[in-house]
Amino acid sequence: MSGSYDDSVGVEVSSDSFWEVGNYKRTVKRIDDGHRLCNDLMNCIHERARIEKVYAQQLTEWAKRWKQLVEKGPQYGTVERAWCAFMSEAEKVSELHLEVKGSLMNEDFEKIKNWQKEAFHKQMMGGFKETKEAEDGFRKAQKPWAKKLKEVEAAKKAYHAACKEEKLAISRETNSKADPALNPEQLKKLQDKVERSKQDVLKTKEKYEKSLKELDNATPQYMENMEQVFEQCQQFEEKRLRFFREVLLEVQKHLDLSNVASYKNIYRELEQNIKTADAVEDLRWFRANQGPGMSMNWPQFEEWSADLNRTLSRREKKKASDGVTLTGISQTGEQVSQPNKHSSLSVQSNTVQSVQSSYNPFEDEEDTGSTVSEKEDNKIKNVSSYEKNQSYPTDWSDEESNNPFSSTDANGDTNPFDEDTPPAMEVRVRALYDYEGQEQDELSFKAGDELTKIENEDEQGWCKGRLDNGQVGLYPANYVEPIQ
């Protein structure tokens, strides 16, 4: 009988007190809630770590993008360095937030996961061992008292029923006395029933009082046993609460960058970099490098000599080729291109610019040709508004502006009617003398500088070369020597 006993069956719960039968289940449920709260805390930390990672990536991308824009933009000097200091700050802060992400996942997350595994033990049939132990402990402590409570409830119900029956019998007896039609025998039966009812009331009352007294006697032991099981649950919950507090403090330390020395240094350094920005210094630099403070090769009187010929303008050295001088060029839809006389240069974005001359009835076939000016092609390149080193045209001579038949085009390239110079192998050369370019398409260098010759010497004694910074232009052939 005890094996099939359910302490909550037949007992009416009258309040929400812990001591009521079955109300211990809230304490048992708290154990299961503790396991779920561990999962919730791990998910919370995992999401925060993911936010830290995304924020760090966004800081890095932002810093990289704006560093390039500022470096290529028109800002210069100390203010440029102060501006770029923000990108350096973002990169360093990004590293710190990645460290925060690593601490959250590798330390805090793993710590909770391991504690949960040690504190809660799953059963084969489902649930946790700790939950079952608490459930069994409360059930065992409550079972004797619940059984007596059930007896009290039954005795109470019987007593109340007897009292109700007594009152009904007395009421019937009183009514029968006023009825003259009722014979004495019937009246006697009613009186006997009243007497039996009174006796039942006394018996049930005595039983009710007795069962209630037994319940009262069992209550102290019941309370002691329940307190003991409850205290075990409290100790288990106390471990979880203290552990959560410890973990949350660790998370707070990992998130609080204000106590990290390197974090403070980042903003201390940023402030110093910004304060070093000096408008006067930047204006002085611009004047010296881009303004009136720049050096200038002012024209001076020079005696003629064979060596000085190399410093003269290329347009003065080049002579018109023998033959008929053309007075105009017209292009038609069908261009006549002569074999072995057409040359073209490839420029950025795989765009090929070529200029072809139409058939000229005043020249021999061998005199007809086409070429592409490299500098003319450079004019079509897209220049970003952020390009700070873009060059601006300085050639203002009106004699070149709209004359397609001059010996040199507007950018100083070769005459389109000259024969092409065969390509040469690139050769490293060293400058013997200082040379300052006289025109926009000429290179400037100092004695001892090294450059690459990319085209052989032409009839006027000029070579095309490339400096180590990528600039391409012309220079006097007798100003350099090959590097052995």
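User: Among contacts between residues at least 6 apart in sequence, what percentage join residues at least 24 apart?
Analyst: Contact here means heavy atoms within 4.5 Å. Among contacts between residues at least 6 apart in sequence, the share joining residues at least 24 apart is 70%.

User: What should I know about the source, and what is the mean pLDDT?
Analyst: This is a predicted model, where local features need pLDDT of at least 70, side-chain atom pairs count only at pLDDT 80 or more, and totals for chains, interfaces and linings use all residues. Residues are numbered from 1 along each chain as its sequence is written, and side-chain values use heavy atoms, with hydrogens and water left out. pLDDT is the predictor's confidence in each residue, from 0 to 100. In this protein 72% of residues reach 70 or more, and the mean is 78.

User: Which element has the lowest mean pLDDT?
Analyst: Helices (H or I, at least four residues) and strands (E, at least two) are DSSP runs, numbered from the N terminus. The protein has eight helices and seven strands. Helix α1 (residues 25-72) has the highest mean pLDDT, 96. The lowest, 34, belongs to strand β1 (residues 345-346).

User: How many contacts beyond four places in sequence does the model have for residues 315-386?
Analyst: Over residues 315-386 the pLDDT stays under 50. For this stretch, the contacts beyond four places in sequence number 103.

User: Why does the end-to-end distance of helix α2 agree with its length?
Analyst: The expected span is 1.5 Å times one less than the number of residues. Helix α2 (residues 77-119) has 43 residues, so it should span 63 Å. Its end C-alpha atoms agree with that, at 62 Å apart.

User: Where does α2 bend by about 30 degrees?
Analyst: The bend at a residue is the angle between axes fitted to the seven residues ending there and the seven starting there. In α2, the bend of about 30 degrees is at leucine 104.

User: Is glycine 102 buried or exposed?
Analyst: Glycine 102 is in helix α2. Buried means under 20% relative accessible area, exposed over 50%, partly exposed in between (1.4 Å probe, protein chains only). Because its relative accessibility is 18%, glycine 102 counts as buried.

User: Which side chain of opposite charge is nearest to aspartate 282?
Analyst: Aspartate 282 is found in helix α6 (residues 279-290). Lys and Arg count as positive, Asp and Glu as negative; His and the chain ends are not counted. Aspartate 282 is buried yet has no salt bridge (a side-chain nitrogen of Lys or Arg within 4 Å of a carboxyl oxygen of Asp or Glu). The nearest side chain of opposite charge, 5.5 Å away, is arginine 81.
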